[in-house]
Amino acid sequence: MLGAATKRKAAGENQGTMSDSPAVSATSTGPMTAAGRPAKTIEARGVNLFYGDFHAVEDVTMTVEPNKVTALIGSSGCGKTTFLRSLNRMHELTPGARVSGEITLDGEEIYGAGVDPVVVRQLIGMVFQQPNPFPTMSIYDNVSAGLNLNARKVPKTQKDAVVERSLRGAHLWDEVKDRLDKPGGSLSGGQQQRLCIARAIAVEPEVLLMDEPCSALDPVATLAIEDLIGELKSRYTIVIVTHNMQQAARASDVTAFFNIEASGQPGHLIEVGPTEDIFTKPGQQATEDYVSGRFG
Amino acid sequence: MESASHPVPTSSGLDLRGGGGSLPGWATWGAVGGSAGVVAAILLATGAFTVALTLVFGALLSAVVLYVWSRAVEGPRRAKDRVMTLSIACAFGLAMIPLFSLLFEVAKRGIPGLSLEFFTEDARGVVGGGGAAHAIVGTLIITGVAALISVPIGIMGAIYLNEYGAGRLRRALTFFVDVMTGIPSIVAGLFAYALFELFFGPGIRLGVMGSVALSVLMIPIVIRSAEEVLKVVPNHLREAAYALGTPKWKTITKVVLPTAFAGLVTGVMIAIARIVGETAPLLVTTGVIDSMNTDPFNGRMQNLAVYAYNEYRSPGVMKQASYDRAWAAALTLIAIVMLLNIAARFVYRRYKTEIR
C-alpha cells in the first residue's frame, strides 16, 4: 500500500475538509514567495519496461532527489520518456505495456498490490510535450480541472484562490486575468504550456514530471518555462525529459544520461550525477561523446 | 489558363510553359456548347431531336473536340487532363440527375395535396378526404421513442467499443454491429412483432413496437457514427486528464464526451433521418389506422410512410385526391429528413471543438 501521504490525500478528498491542505487554502502563499516545502523522493530499483515483447528500458536504478530538478537526456528512442511515464503509472495506459522492478515514492511502492494508479497520479503530476489544454474548457476551468475532475466539492471562493495561485505560480496570471472565461485554446503555444503547468500544480502534487515541455515552443517561451522550473523546485521534486543539452545544463541540478546500443535494443541508464559533473567530467566515454555533441 | 499568348522567350532560356501554348479561358465551355449545338442541329435535321440524345452525343463530341484541339495547341498531357476533367464533371452530373429529378417530381406532385386540412385533421370516418395529422404525429412519436431507446444504448455501446473494449470480444462486437447495419428492415419489424407477440398474443399492434423495430435499425448506425467521433478525440487529452489523477469514467464524461459533443449530436440526427422514412417494419408493428393516436402503448398508430403506401394502395372513391395525399406525405417526409440534416449541420458548426 502507498502509505501516509496517500491516505492523507484520500481522506482529505472524502471529507472535503482540507483546511490544512495547501490545495484549497485560500490564504496559502504562491510558490514564488514560498520559502519552500519538503518534497518527496522517488527511487527506482531494477526497473525494466516493456511494450508487449519489446524490451524498451533495461534495469534502471536511480534516485530522484527532492526539491531538485533531475534532467533525463539521451538520444531519441533510448527510453527516457518511457521511464518518465513509468514514474506516475502512465506507462501502463499503453496497451501491452508492462513494468517490472520497484519504484517508490518516499519509501512507498507505487506498483504495490492495491495501490490505486489514480491516487499515484494525483501525487505525481505530469506536463506533456505538446501543450494540451482541454479544448472545451475555459482558462479558469482548465486550471481548476484537477479539482473538478477529482470530484472534490470545493467552494467557489477557494477555487478562485487556487486558480489565481496556480496561474501566478505558472507566471501566467498577468497575461490572462482579464479573460479567464476564454477557451484555453485561444492562448499562444507558450501560454498554453504554462496553462498546463498551472493545471498540474493546481492539484498540489508532490512531484512534477515534464516530458520535453519546451520542444514545441520558441526560445522566449522556453526561457520563461525554464525560469518557472527553477522556481517550482522549491516546492516540488521535478523530473524533466529534454533533447536540449543546453536546457539540461541550464535548468537541472542532476542529470541522468540514457543510451541504446542499437535500434531495437533496450535503453540503459549510463550514468547519473550532478549536472555540472556530467557536463564537465563525465565518468563514461558514451556520456562524454553525447554531451560534447559527437553523436546523438 | 491565361490568354492564348505566344510563348515568350525568357532571358534565362528556361521554358516554364511546358513546351506549348494554352487555350483561351472559354475553351472548355466553348467546346461543350459548340458540340451540343452541332449535335442538336443534326438531330433536328434528321427529326430525332430529344434533350437526352443531345446531352449524350454532345458530351461525347465535346470530349473529342477538346482533346484534339488541346493536343494540337497545348500538348498531350494537358489534353488528357482536360478530357478527364470533363468526364468527371459528366459523372457528377449523371449522379445528380436522379436526385434532382426525384425532388422535382415529389415537389410537383406533392404540393397539390398540401393544405391546412392535411396538417390539422386525421382521416377518421371521412370518405375521400381528411388529412394526415395522425400520420405526422405518429411518425414523430414513433421516431422519438426509437431515438430515446437507441441514443443511450448506441452511445454507451460506442464508449465501450472505443474506451474499454479490447481483444477478441471487441472485434466480435464490431463485426456484429457491422452485420446489424446491413439487416433488412423487414427483419427488424418481424423481430419486434415476434417479441411483442410473446407477451400480448397474436395480432398485437402498438406504436412502441414500431419504435423497437426502428431501434434495431438505429442502434448500429448510432454506434458506428459515435465510435468514429470518439476515435477522433486525441489521446493526449485523455492522458492530460489521467495525469491530473482523474478516474477513467470522469475522463470520459467530462473530457471525451464534451470534446466529441458536436459530432455525436450530428451522428444521432443523421441516424434519425435514416430511419424516419422506414415503411416495412412499421407495417407489421404499428399497423394502419385512420384516427389520431398519441399513446404509443395503446393501439395502432399511423405514420407518414405507411400512410403514403396505404393511400396509394387503396385510394377509395376519389382516387386522385388519395394519390395527391400520398405524394404530399412523401414530400412531408423528405422535408423532415432535410430539416434534420440542416439541423445537424447547424449543430456541428455551432458546437464543434477545435482539435489540433
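So, secondary structure: chain B has 13 helices and zero strands, where helices are DSSP runs of H or I of at least four residues, strands are E runs of at least two, and both are numbered from the N terminus. Read from the N terminus on, the elements go α-α-α-α-α-α-α-α-α-α-α-α-α. Because its radius of gyration is 29 Å, well over the 21 Å that the globule rule gives for 356 residues, chain B is more spread out than a compact globule. That radius is taken over C-alpha atoms, and the rule is 2.2 Å times the number of residues to the power 0.38.

A quick word on the source. This is a predicted model, in which local features need pLDDT of at least 70 and side-chain atom pairs count only at pLDDT 80 or more, while totals for chains, interfaces and linings use all residues. Residues are numbered from 1 along each chain as its sequence is written, with chains lettered from A and ligands numbered from 1 in the order in which they are written.

Back to the overall form. The C-alpha trace of chain B spans about 85 × 70 × 35 Å along its principal axes. Of its 356 residues, 35% count as buried, that is, with 20 or more other C-beta atoms within 10 Å of their own, C-beta atoms being placed from the backbone.

Now, domains. An automatic or database domain assignment sets the bounds, and chain B is divided into domain 1 (27-112) and domain 2 (116-351). Their C-alpha centres lie 40 Å apart. Five residues of domain 1 are in contact with six of domain 2 in chain B; contact means C-beta atoms, placed from the backbone, within 7 Å.

On to the partner chain. How many residues of chain B are in contact with chain A? It is 20, and they meet 24 residues of chain A. Helix 9 (235-243) and helix 10 (248-275) of chain B each supply at least two residues of that side, and helix 9 gives the most, with seven. The side of chain B that touches chain A divides into eleven nonpolar, five polar and four charged residues. Here Ala, Val, Leu, Ile, Met, Phe, Trp, Tyr, Cys and Pro count as nonpolar, Asp, Glu, Lys and Arg as charged, and the others, Gly among them, as polar.

Last, do look at helix 10 of chain B, which bends by about 60° at B:F261. The bend is the angle between axes fitted to the seven residues ending there and the seven starting there. Between its end C-alpha atoms helix 10 of chain B spans only 34 Å, whereas a straight helix of 28 residues would span 40 Å at 1.5 Å a residue, the expected span being 1.5 Å times one less than the number of residues.

Technical notes:
Contact = placed C-beta atoms within 7 Å. Buried ≥ 20, exposed ≤ 12 C-beta atoms within 10 Å, placed from the backbone.
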